[in-house]
Amino acid sequence: PQLELDTFNGSAWIGIVPFVMSNTRPRFSPVAMPDFPELNVRTYVTHRGKPGIYFFSLDAASRLLVRGGRTFASLPYYHATMRATVDEHGWTRYASRRTHANAPPAQWVARYRPNGTVTFARPGTIEHVLTERYCFYSVTPAGDALRCDVHHAPWPLQPAEGETETDTMLDQINLIRPATPPLLHFVHRLDVRIWWPAPAS
């Protein structure tokens with residue numbers, strides 16, 4: 001209730017976003033964490049007119065990030081066994097199975113690859129609404145909304161194709177997958193900076 005759904009043409013959207021975190025480190029630190037996969041389930045919201053992202057879950061193969069995200073940003077991070085590999089045809093094979101204690105089960109196994117050229121989202125398009133977001137929100141156990149500001153260049157989007165073998169990521173939030181086909185995009189790389197969480201007000 002602290003946040004408002006941000007819709008496009010009257011519809012709210014859910015994103016399932018698999019990726020690999022690389023060169024992750026605190027600012028000004030020369031030491032980076034080892035690379036690891038992460039899988040987000042998110043929707044799109046506003047708070048006092050500022051658009052952002054709200055995460056239903058963040059599964060990661062880094063216990064350090066899971067603990068830090070839950071402790072300092074009130075984010076629903078869960079530890080998972082994960083693997084991401086790329087074959088000679090450009091397919092990314094991605095598998096995630098949640099192993100976090102006392103957490104709702106969730107599993108995602110799929111493969112995907114880009115099948116078009118890079119473009120940048122134009123204002124007013126669904127691609128722009130889903131990608132040009134520069135903060136994310138969380139809510140503390142006490143009910144206070146937090147905001148983390150982020151900075152990144154516009155997403156270099158490519159159309160993509162994919163095949164899903166197992167997907168229970170929406171079961172954990174009691175949502176039924178819509179009958180419409182998913183909108184798929186691929187990004188080869190996106191550099192992101194994240195600021196410390198602060199009260200959203």
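# Legends to the close-up views

**Figure 1. R147 is partly exposed, its relative accessible area being 24%.** The view is taken from a predicted model. The side chain of R147 meets that of D149 in a salt bridge, with a distance of 2.9 Å from N to O. D149 is likewise partly exposed, at 27% relative accessibility. A search of the whole structure returns 8 salt bridges, and the pair of R147 and D149 is one of the salt bridges shown in these views.

**Figure 2. A salt bridge joins E163 to R111.** The closest N and O atoms of the two residues lie 2.9 Å apart. E163 has a relative accessibility of 43% and counts as partly exposed. R111, with a relative accessible area of 28%, is also partly exposed.

**Figure 3. D167 and R177 form a salt bridge in which the closest N and O atoms are 1.8 Å apart.** D167 lies in strand β10, whereas R177 lies in the loop between β10 and β11 (185-186), so the pair ties together parts that are 10 residues apart in sequence. D167 is partly exposed, at 22% relative accessibility. For R177 the relative accessible area is 46%, and this residue too is partly exposed.

**Figure 4. Strand β3, residues 36-47, is mostly covered, with 12 of its 12 residues buried.** In a regular strand, side chains alternate between the two faces of the sheet. In β3, F36, E38, N40, R42, Y44 and T46 point one way. P37, L39, V41, T43, V45 and H47 point the other way. The residues of both sets are all buried.

**Figure 5. Strand β3 pairs with strands β1, β2 and β4.** Strand β1 (residues 4-5) runs antiparallel to β3 and is joined to it by 2 bridges. In that pairing, V45 of β3 is the bridge partner of L5. Strand β2 (residues 14-21) also pairs with β3 in the antiparallel sense, over 8 bridges. Here F19 stands opposite E38 of β3. Strand β4 (residues 50-60) is antiparallel to β3 as well, and 10 bridges join these two strands. Y44 is found opposite I53 of β4. Residues named in these pairings include E38, Y44 and V45, which are buried positions of β3.

**Figure 6. The hairpin of β3 and β4 has 2 residues between its strands.** R48 is found in the loop between β3 and β4. Its phi is positive, at about 55 degrees, although R48 is not a glycine. Most residues other than glycine have a negative phi. R48 counts as exposed, at 69% relative accessibility, whereas the residues of strand β3 are buried.

**Figure 7. N102 has a positive phi of about 55 degrees although it is not a glycine.** N102 is located in the loop between β6 and β7. Its relative accessible area is 85%, and the residue is exposed.

**Figure 8. T92 lies in strand β6, residues 92-98.** The relative accessible area of T92 is 9%, so this residue is buried. Leaving aside residues up to four places away in sequence, T92 touches T85, V86, A110, R111, Y112 and F186. Among these contacts, R111 is also the salt-bridge partner of E163.

Figure 9. A disulfide is a covalent bond between the sulfur atoms of two cysteines. The cysteine sulfur closest to that of C135 belongs to C148 and is 8.9 Å away, which is too far for a bond. For C148, in turn, the closest cysteine sulfur is that of C135, at 8.9 Å. The cut-off for a disulfide is a sulfur pair within 2.5 Å, so the pair of C135 and C148, at 8.9 Å, is too far apart for a bond. Both cysteines are shown with their surroundings. C135 is buried, its relative accessible area being 1%. C148 also counts as buried, at 4% relative accessibility.

Definitions and conventions: Residues are numbered from 1 along each chain as its sequence is written. This is a predicted model: local features need pLDDT of at least 70, side-chain atom pairs count only at pLDDT 80 or more; totals for chains, interfaces and linings use all residues. Side-chain values use heavy atoms; hydrogens and water are left out. Buried means under 20% relative accessible area, exposed over 50%, partly exposed in between (1.4 Å probe, protein chains only). Helices (H or I, at least four residues) and strands (E, at least two) are DSSP runs, numbered from the N terminus. Two strands pair if DSSP finds at least two bridges between them. A salt bridge is a side-chain nitrogen of Lys or Arg within 4 Å of a carboxyl oxygen of Asp or Glu. Contact means heavy atoms within 4.5 Å.
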